[in-house]
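Biologist: I am new to reading protein models. Could you show me how to look at one, feature by feature?

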Amino acid sequence: MSETPASAHRCPENPPKAPRSQDGSARPITPGSQAAEGTYRTQPVSFVRRGTRLQGRRQKAWDDHSARLAVDIPRHIADTSVHPDYVFAAAAEFGRTAPLVVEIGSGLGEAVVHAAAENPDKDFLAVEVYTPGLAQTIQKIVAADLGNVRVVQANAPEVLGTMLPAGSVSEVWVFFPDPWHKTKHNKRRMVKDSFAPLVARVLAPGGLWRLATDWSAYAGQMRAVGAGSPDFVNVHDGERTGPASPLTRARLTGVDCEQSDEPDAEGGWAPRFDGRILTSFENKAHKAGRVIFDLTFRRK
């Protein structure tokens with residue numbers, strides 16, 4: 001999960017400005033600055049590259065087990081890119097044919113490792129750009145002695161767009177992606193109209209796209225993206241409206257700085273599914289009084 005700490009979800013009075021040059025104009029994006037962000041793209045990316053240095057047990061886990069547990073993919077230009085000719089062969093990687101679940105933004109691996117331990121009949125692929133998170137996921141995989149999880153360090157749209165064969169995945173999970181809650185940053189959100197066709201491409205008919213967030217505006221955007229896609233149907237369409245809706249509750253409490261007494265008449269929110277463990281991040285969100293939103297869409 002590419003998570004943002006609950007403590008960072010505040011209503012800023014004076015948000016910091018974008019980097020400026022000496023004359024006060026916005027600093028231009030150059031190939032060098034793009035490389036520093038770990039991307040070669042001109043479009044906004046949905047993540048910020050954090051430190052990649054490994055130490056202690058994380059370094060040892062990476063040294064000892066990454067050759068077996070981290071998918072070795074050919075790069076295109078940047079260090080999180082995927083060469084467009086590369087196609088992931090799940091049966092060869094796992095040594096069997098089984099339903100494949102892909103988690104986009106697996107964070108520290110809590111959700112994917114727990115799910116893999118509970119579902120030995122399924123295979124799991126954890127997609128993350130943050131090296132320490134991948135190393136810690138590997139630690140968890142080794143500690144649990146699991147053979148049905150692999151990790152990959154890669155940009156999610158390329159994983160979904162070219163790396164995974166079409167129709168090869170049974171479920172795609174996107175749990176607590178960075179909400180990019182400032183209006184000027186909304187364009188960086190991962191779940192938007194252009195993302196839905198990528199998810200639809202890799203899902204088999206009847207496959208599930210599961211999402212969760214603790215930011216109400218992003219939850220509304222996720223719901224609209226799924227509803228607006230011709231490839232998906234909301235499994236819980238029309239459910240949990242009015243007082244039963246988490247969006248109504250978020251509006252009444254004003255937890256996201258968008259206080260309102262307008263009830264949510266649309267609904268469509270999923271119950272928490274058993275496979276989504278309560279992670280340390282979500283525990284912090286609950287303690288901060290945040291509302292959790294779940295959505296489930298089925299591939300037509």
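Modeller: Happy to! Let us begin with helix H2, residues 56–69: its 14 residues reach 19 Å from first C-alpha to last, close to the 20 Å expected at 1.5 Å a residue. Do remember that this is a predicted model.

Biologist: Where is the kink in H2 centred?

Modeller: A bend is read as the angle between axes fitted to the seven residues ending at a position and the seven starting there. In H2 the kink is about 45 degrees and is centred on Asp 63.

Biologist: Which residues of H2 are buried?

Modeller: Buried means under 20% relative accessible area. In H2 that describes Ala 61, Ser 66 and Leu 69. These buried residues pack against helix H5 (131–143) and strand E3 (149–153).

Biologist: What is found in the loop between H5 and E3?

Modeller: Asp 145 is there. Its phi is positive, about 55 degrees, although Asp 145 is not a glycine.

Biologist: Is Asp 145 buried or exposed?

Modeller: Its relative accessibility is 69%, so Asp 145 counts as exposed.

Biologist: And what is phi of Trp 180 near?

Modeller: Phi of Trp 180 is near 40 degrees, again a positive value in a residue other than glycine. Look for Trp 180 in the loop between strand E4 (169–175) and helix H7 (196–202). Trp 180 counts as buried because its relative accessibility is 11%.

Biologist: How many helices and strands does the chain have?

Modeller: Ten helices and seven strands. Of the 300 residues in the chain, 47% are buried.

Technical notes. Residues numbered from 1 in each chain as written. Predicted model: local features only at pLDDT ≥ 70, side-chain atom pairs only at ≥ 80, totals over all residues. Heavy atoms only, no water. Helix = DSSP H or I, 4+ residues; strand = E, 2+ residues; numbered from the N terminus. Buried < 20%, exposed > 50% of the residue type's maximum accessible area, 1.4 Å probe, protein only. Expected span 1.5 Å × (residues − 1). Contact = heavy atoms within 4.5 Å.
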